[in-house]
Amino acid sequence: MAPAPARANLPQRAVDVAIVGGGAAGIAAARSLVRAGFSTLIVEASSRIGGRCVSDRVTFETAIDTGAHWLHGGENNPLAKLGRDLGFDIHEEEEEDGLYIGNRRASDAEWEAYDRAVDEAEQAIVRHGWRPEDASALQGLPRDLGDWRASVVFRLGAYEYGKPLGEISSWDFARAQQGKDLICRQGFGTLLRATARGLPVAVGAPVAAISVSGDEVRVVTGQGTLRARAAIVTVSIGVLATGRLRFDPGLPEAISVAIESLGMGSNLRVMLELPGEHPDFGTDNAFFARSDGDRAFGGVARVAGTDVWYVDTGGGFARDLEAAGDAAAVEAAVDWLAGCLGGAIPRRGPRTLVSRWGRSETTRGSISVAAPGRANQRQAFRAPHADRILFAGEHRHDTLWGTVAGAWETGEIAAQQAIEILRR
């Protein structure tokens with residue numbers, strides 16, 4: 001497997017482009033700049049690279065994704081081919097094959113009714129999203145969903161995007177590109193880390209301020225000041241919203257409004273080891289349960305062929321569990337899973353792990369989600385600030401927002417913009 005990226009101290013001389021943030025956008029930007037012959041340095045606040053895409057290798061003694069897991073968009077995802085070229089096993093996920101009503105598995109007719117309700121609701125929201133006015137995704141729901149309404153609202157809102165449908169722009173929902181998902185057997189985070197092989201990275205260097213004076217950019221970090229001719233800022237909307245990263249000159253009103261409009265969704269994942277025979281489930285099978293509200297979960301069985309299962313939720317329920325702590329999150333997830341499987345799940349012994357992106361100081365949430373009427377705010381991040389500072393990340397992408405592929409593409413675009421500035 002590919003070694004870690006090169007660790008570098010801040011150079012005494014200026015680099016061509018400083019990159020703030022070592023997630024997918026930062027890595028893609030750095031790769032593009034290096035290929036074009038420009039010097040660069042990724043400055044990362046945490047002790048690792050990968051952003052919201054990381055594979056934990058310690059807890060379960062195998063690579064398990066604690067954040068992004070699916071390569072959305074199938075073969076159109078730029079990381080699919082790149083991953084295979086690097087020797088990774090990337091394949092299609094198995095079809096969803098799980099629905100529970102109480103403690104019993106749904107009948108074929110019930111599964112078909114649920115699946116049809118989800119599909120019809122999604123198509124109705126998309127149709128609603130192409131209207132001239134940008135309303136909430138909730139307003140686009142059909143009225144005849146019957147007993148499945150609450151389950152569908154959870155599935156398409158809090159579960160997928162970390163926010164209830166009433167807080168999601170119908171335009172944003174409609175433009176989000178869908179497609180067959182792929183899975184990297186060795187972990188999506190492992191793959192992304194491999195793409196950074198050989199890139200110069202300074203970890204443990206949180207950035208406090210970025211200033212522009214003439215043709216020089218100064219990036220003030222915990223390890224000192226990095227001088228550059230341009231900078232690409234790839235931190236999340238959640239981090240930008242804290243105001244801890246200062247800009248001189250200050251950000252224009254258009255970007256400030258965009259930061260407010262694209263607030264982060266909250267997703268929480270409980271990972272637990274569940275060995276033994278479970279004949280109803282294959283590898284990477286997703287499953288849900290009929291619910292009466294957003295305090296619900298969705299599961300993925302036998303992740304990447306292991307004994308590890310995902311139990312995911314989002315929205316206000318995820319924030320409540322984050323605040324309550326890991327033990328409370330595990331207890332809630334185990335109760336839900338036991339309710340589905342109709343039997344007791346051991347509360348002691350199985351190894352567990354909880355991802356809490358909303359509590360992470362370097363992310364402050366899972367993905368950017370446009371509020372109703374605010375989807376067009378993503379465009380605010382396309383123009384350079386002070387002619388030297390560029391922005392990249394999933395929050396900049398109109399159709400791949402919320403995805404690693406979207407972050408990757410905007411990183412490459414921002415790198416090209418930086419190159420054009422430097423060549424002027």
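Student: Which residue caps the N-terminal end of helix 2?
Tutor: That's Asn77. One of its side-chain oxygens lies 2.9 Å from the backbone nitrogen of Leu79. Keep in mind that this is a predicted model.

Student: OK, and what comes after helix 2?
Tutor: Gly87 follows helix 2, and the phi of Gly87 is positive, near 95 degrees.

Student: Which residues in helix 2 are buried?
Tutor: Helix 2 covers residues 78-85, and the buried ones there are Leu79, Ala80, Leu82 and Gly83.

Student: You mentioned helix 1 and helix 11. At what angle do those two pack?
Tutor: About 40 degrees, with their axes 7 Å apart. That angle makes helix 1 oblique to helix 11.

Student: Is their crossing left-handed or right-handed?
Tutor: The crossing of helix 1 and helix 11 is right-handed.

Student: Which residues meet there?
Tutor: From helix 1, look for Ala24, Ala25, Ile27, Ala28, Ala29, Arg31, Ser32, Leu33 and Arg35. On the helix 11 side you'll find Val404, Ala407, Trp408, Thr410, Gly411, Glu412, Ala415 and Ile419. Sorted by class, the residues of this contact are eleven nonpolar, three polar and three charged.

Student: New topic. How do helix 3 and helix 4 pack?
Tutor: Helix 3 (residues 108-129) and helix 4 (residues 149-161) pack at about 60 degrees, and their axes are 10 Å apart. With that angle, helix 3 is oblique to helix 4. Their crossing is right-handed.

Student: And which residues make that contact?
Tutor: Helix 3 brings Tyr114, Ala117, Val118, Ala121, Glu122 and Ile125, while helix 4 brings Ser151, Val152, Arg155 and Leu156. That gives seven nonpolar, one polar and two charged residues between helix 3 and helix 4.

Student: Let's zoom in on Ser151. Is it buried or exposed?
Tutor: Buried: Ser151 has a relative accessible area of 3%.

Student: What is Ser151 in contact with?
Tutor: If you leave aside neighbours within four places in sequence, Ser151 is in contact with Tyr114, Ala289, Arg290 and Ser291.

Student: Where is Ser261, then?
Tutor: Ser261 is in helix 8, which runs over residues 253-261. Ser261 counts as buried because its relative accessibility is 2%. Not counting residues up to four places away in sequence, Ser261 touches Val369, Ala370, Ala371, Arg374 and Gln377.

Student: Last one: where do I find His385?
Tutor: Go to the loop between strand 20 (352-356) and strand 21 (389-391).

Student: Buried or exposed, that His385?
Tutor: His385 counts as buried, since its relative accessibility is 7% and the cut-off for buried is under 20%.

Student: What does His385 contact?
Tutor: Setting aside neighbours within four places in sequence, His385 is in contact with Phe247, Pro249, Gly250, Leu251, Pro252 and Phe391.

Student: And how far is His385 from Ile255?
Tutor: In sequence, His385 and Ile255 are 130 residues apart. In space they are 9.3 Å apart, C-alpha to C-alpha.

Definitions and conventions
Residues are numbered from 1 along each chain as its sequence is written. This is a predicted model: local features need pLDDT of at least 70, side-chain atom pairs count only at pLDDT 80 or more; totals for chains, interfaces and linings use all residues. Side-chain values use heavy atoms; hydrogens and water are left out. Buried means under 20% relative accessible area, exposed over 50%, partly exposed in between (1.4 Å probe, protein chains only). Helices (H or I, at least four residues) and strands (E, at least two) are DSSP runs, numbered from the N terminus. A polar contact is a pair of N or O atoms within 3.5 Å; within protein, one must be able to donate a hydrogen and the other to accept it, and residues adjacent in sequence count only if both atoms are side-chain atoms. Axes are lines fitted to C-alpha atoms, for helices over the stretch in contact, and angles run from 0 to 180 degrees between N-to-C directions. Angles under 35 degrees count as roughly parallel, over 145 as roughly antiparallel, 65 to 115 as roughly perpendicular and the rest as oblique. A crossing is left-handed if the near helix is turned anticlockwise from the far one by less than a right angle, and right-handed if clockwise. Contact means heavy atoms within 4.5 Å. Ala, Val, Leu, Ile, Met, Phe, Trp, Tyr, Cys and Pro count as nonpolar, Asp, Glu, Lys and Arg as charged, and the others, Gly among them, as polar.
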